[in-house]
Amino acid sequence: MKRSARGTRATALAAAAALALGLAAGCSEKATGGSGGTDAQGVKTGPGVTADTIRVGVETDLTGVYAPLGKSLTQAQQMYFEELNAAGGVCGRKVELVVRDHGYDVQRAMSGYSELSSSVIGIAQFVGSPMVTALKQRITSDKMFVLPNAWSTTLLGNQYIQVTGTTYDVDMINALDFLTKQKGIKKGDKVGHVYFEGDYGESALNGSKYATEQLGLTLVEQKIKATDNDMSAQVAALKNAGVKAILMSAGPRQSASLAGVARAKGILVPIVTSNSGFSPQLLQTPAAKALLAEFYMATAGAPIGADLPPVRKIADSYAKKYPGQPRDNAVVNGYTNAVIFADALKKACAAKDLTREGLVKAHRSSTNYDGGYGTPMDFSKVNEPATRKSYILRTDAKAVGGLVVERDAAESEAAETYKVPAGT
Amino acid sequence: MSDRRWLLPAAAAAATALLLVLPFYLGTFWLQTGLFAMSAAIGAIGLNLLTGATGQLSMGHAFFLAVGAYGYVYLASDSGPHLSGLGLPTPLAFLGAIVLAGVAGGLFSPIAGRLRGTYLGIASLALIFIGQHVLFNAESVTGGFNGRDVPPLELFGLRFDDSPELVVLNVPLGALERLWFLGVALLVPAVWIARGVLRGRPGRALNTIRDHEVAASVMGVPVARYRAGVFTLSSMYAGAAGALLALVFRRTVPDYFGMFLSLDYLAMIVIGGLGTAAGAVAGAVFVSVLPQLLTRFGDDLPLVAAPGSGGVSPAEAARILYGAAVVAVVLFLPGGLAGLWTRLRATASRHRSARPLTRLEQEEQPV
Amino acid sequence: MSTFVELVVNGVSVGAVYALIALGFVIIFKATEVVNFAHASLLLVGGYVTAVLHDDIGFLPALGAGIGTAALAGALIEVLVLRRARVENHAVLAIVTIGVDIMMTTELTRRIGTEVLSLGDPWQSRIVTIGGVGIAETRIAALAVASLLITAFLLAFRYTPWGVAMRAAAEDGEAAALMGIRLTRVSLGAWAVAGALAAVAALFLTVFPTPGLDRSTSFAAMKAFPAAILGGLDSTTGALAGGLIVGLTESLVTGYQGQLDFMGRGAGDVAPFLVMLLVLLVRPAGLFGTRELSRV
């Protein structure tokens, strides 16, 4: 086992090189101070902003379980920023999206964030509340402005994270208000709530617990997992309990299974889902018939099929740009969040402060934001959802996106008195 | 043989020196990738002791990583209104986490001791599912679905955190840079101990158990004790990897410690090379860095595939390459990356180019 | 009471489907001593082909094509990968199937993309009510088809030359080879049969009450692991028993989760694994598995 002389020399060389590297460490690029400065127009700039571009991050899921959502959101945002750049951009700069796919994996989201943390001014789309929650500390220390695409109350209470629209609990409260006022649910009735484990389901459950207590109803809880696809056991339990309505805070597949089983068993009670519980693709499956009967959704955003001119414009341009792609509510949600982000950029530019602090400050100064896409929002209260008004939508096979407005955005009494548990 | 005695330490020292210098140059992204790789390397060494050297298929490695990660958080955190904790000094909590993982492994070893091969593999899969169920439900300890914040480690007055600021040689050393040094300080002894175990009597005993259990016990190897021992040791490695990972993440979430993590570790030791510490390290680096490289430099590919075209995204390309690497290594590179290195060197020295190395010889090769 | 009957019927029917998958594991294990982690992707292949073709060529031909493709995929894995891997360590062979699974699943989920694919089954969402208990037709079909296939398989295993060859190979490979049994053909057949069974299972895992085939379907294949181990990895009877136990446990624990609060919520998924651990503690080779005896 003799060793060649070459090996020895290589080792010695490596050692010498390491030593030299060590001595040279002082000249590392990292030794230079942080970026930033002031441009010719007197606008203060920070990370992600150069003389001619503003880089905006997107942390999304294009390959994991929420890929359908991530794809619609990302394409809609790319469409908006292209329109914005064609109209001259912001602050004399083009806006550039930096898209990172985390496949709904926390570790990959963290790597992606580390890359974005030094190169973008903020994040206009962040899919997945486990990922945002895991990065909360770093988002705070980086002062990174983030618009998450998740609506749980755990994400409230941080000035850098802006949950747009309502939170899941508020939606469920408004849903129960709708059921009692318009669907004949009376005091003493039982209402079922099927929900995902995790902060999505539990946020929603907080709301249904509060509202059922306020309205004198009894709540029958059924917790499920994201991997459960067959709702027979849940329906059997709910049927046994004799529920008069079912709330659903899970994924589209679970909604389809629940509605299918319930209808097939002759349970025709109304079903109201949270805003993540339906996708128009389901109307192409055998579950369609069940999903078109007494199936509602409670959400803060206007549906893509809504009769609002700005929303119709989004739907039309999206169809033109991405022919054949499903037009769901995520398109509107992605687009409007991009608008909110861009408006904050514009405001920050007007205040001559395009740093991260400047951006958050500009954004949080909007108390009555209205982009014309539905309900106005108040971004100044860190511990409150931006609005407490939810639309009630109904499934409709003919509508774009499969949903039409059943009841306009409104804030119920119970939602008004409800204290949102921010941060938990 | 005469020059071998100083050459190996020299090479090891050079590699260590290089590792120590890197944080002065690398950006956040690479630092983090490197830390994931170091943590994976520690965990993979542990699994290689168990699966590679002893032939005990374990699919429950992610569970022991979770014990380490959550153990550290529980031991180091103070009790709050919703979450409980013991509030121990953080270095003690770190050691405690490793011990806890070892205890968990020790508790499972009566089951492990009764089962053979595949049965053990799938029984250990149960650990993952039951473990995650507990992580989701024992909210006062684990924080449930949302997980818990990880208190930063504090060692001899040095906080492994972004604040207070620390500047060395004009380079500001943040949490990741500091953790990098911790990672190196853990990885080096991890490799060293594993090599010691594998090269000495225990290593030979473990290999005999893998190759022929009955023969091993005939020759007087206390099989049950060795099996329990290696299970415990491997769990402790996983515990250390988990605790380090928790410090890098700064937050533990139960979702992460699922079956796919266990499968990743198995892939690492196969790609790197079964039964050696160097193999585990090589495999860990490969598996941790490949997807990052593709995502980072996959920008030329369209990230959102054009409608109808359905192009392969960088993330998907990484997955496919990763699966292909596992298959290719088994088919064409028995011995993995570490074995390739040994073979290349053997060819270079032209001593035995005509004849491939036997397994025994391969294991004797310094790597 | 009717809830209980319903849960039992559901459990038995789902269990029969798990048994189909577990049977595939067992056949492959018996013939080649490999644990096939690529089983989930065989299932996806079968389901995907059926889903894509049924609109054009009708349900039954599409299902036939799905079964054929999955069988072919299984055979290809055997020929291209396992036959060529010259390793003695069976753990390594198991890991190589993980590699195969990752590749196939990634490509298939990419193709499935954001869709939820319907397999075009004739039963749709109809429900039959027998004595006040409502049972989905798909459940009855699943039970009937699975029992039929399992019986046919067990008979073939006992009486056909292929079955005899397989049992001989499992008993003692070398002796079987000396007796003129072509081991390669036996293992090729095992992989093809396992693929075909997985494709049938895919059908019943994606029909009502589940919405259809999508990227998460392959998770269901995981349930067959505890089923196969519970019964004993080298026992076909064991696969049947294991499948039923897993299906029943899951259905009952989920159905009565309100009364089982102490187990934590969402216990239906872990209960099969708990049962598996308990069985293994008492019988380390599963309920019907062969115990390896070695006295020193």
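Guide: Start with helix α6 of chain A. In this predicted model, 14 of the 17 residues of α6(A) are buried, so the helix is largely enclosed by the rest of the structure. Buried here means that 20 or more other C-beta atoms lie within 10 Å of a residue's own.

Now check the length of α6(A). The helix covers residues 199–215 of chain A. At 1.5 Å a residue, its 17 residues should span 24 Å. The end C-alpha atoms are 24 Å apart, which agrees with that expectation. Look just past the end of the helix. There, A:Gly216 takes a positive phi of about 70°.

Next, move to chain B. Its secondary structure comes to 15 helices and six strands. Chain B has 367 residues, and 55% of them are buried. Now take the contacts in chain B with a separation of 6 or more. Of these, 74% are between residues 24 or more positions apart.

UniProt, in an unreviewed entry, places the feature "transmembrane region" at several stretches of chain B, among them residues 119–136 and 265–290. Then try residues 265–290 of chain B. Here the chain is 85% helix and 0% strand. The end C-alpha atoms of this span are 14 Å apart.

An unreviewed UniProt entry puts the feature "transmembrane region" at stretches including residues 59–82 and 91–109 of chain C. Residues 59–82 of chain C are 100% helix and 0% strand, with end C-alpha atoms 33 Å apart. Residues 91–109 of chain C are also 100% helix and 0% strand. Their end C-alpha atoms lie 27 Å apart.

Last, see where chains B and C touch. Here 41 residues of chain C are in contact with 41 residues of chain B. On the chain C side, three helices each supply at least two residues: α4 (90–112), α9 (224–231) and α11 (271–282). Which helix gives the most to that side of chain C? The answer is α4(C), with 14 residues. By class, the side of chain C that touches chain B has 26 nonpolar, eight polar and seven charged residues.

Definitions and conventions: Residues numbered from 1 in each chain as written. Chains lettered and ligands numbered in written order. Predicted model: local features only at pLDDT ≥ 70, side-chain atom pairs only at ≥ 80, totals over all residues. Helix = DSSP H or I, 4+ residues; strand = E, 2+ residues; numbered from the N terminus. Buried ≥ 20, exposed ≤ 12 C-beta atoms within 10 Å, placed from the backbone. Contact = placed C-beta atoms within 7 Å. Nonpolar A, V, L, I, M, F, W, Y, C, P; charged D, E, K, R; others polar. Expected span 1.5 Å × (residues − 1). UniProt positions renumbered as here; feature names shortened; annotations may be inferred.
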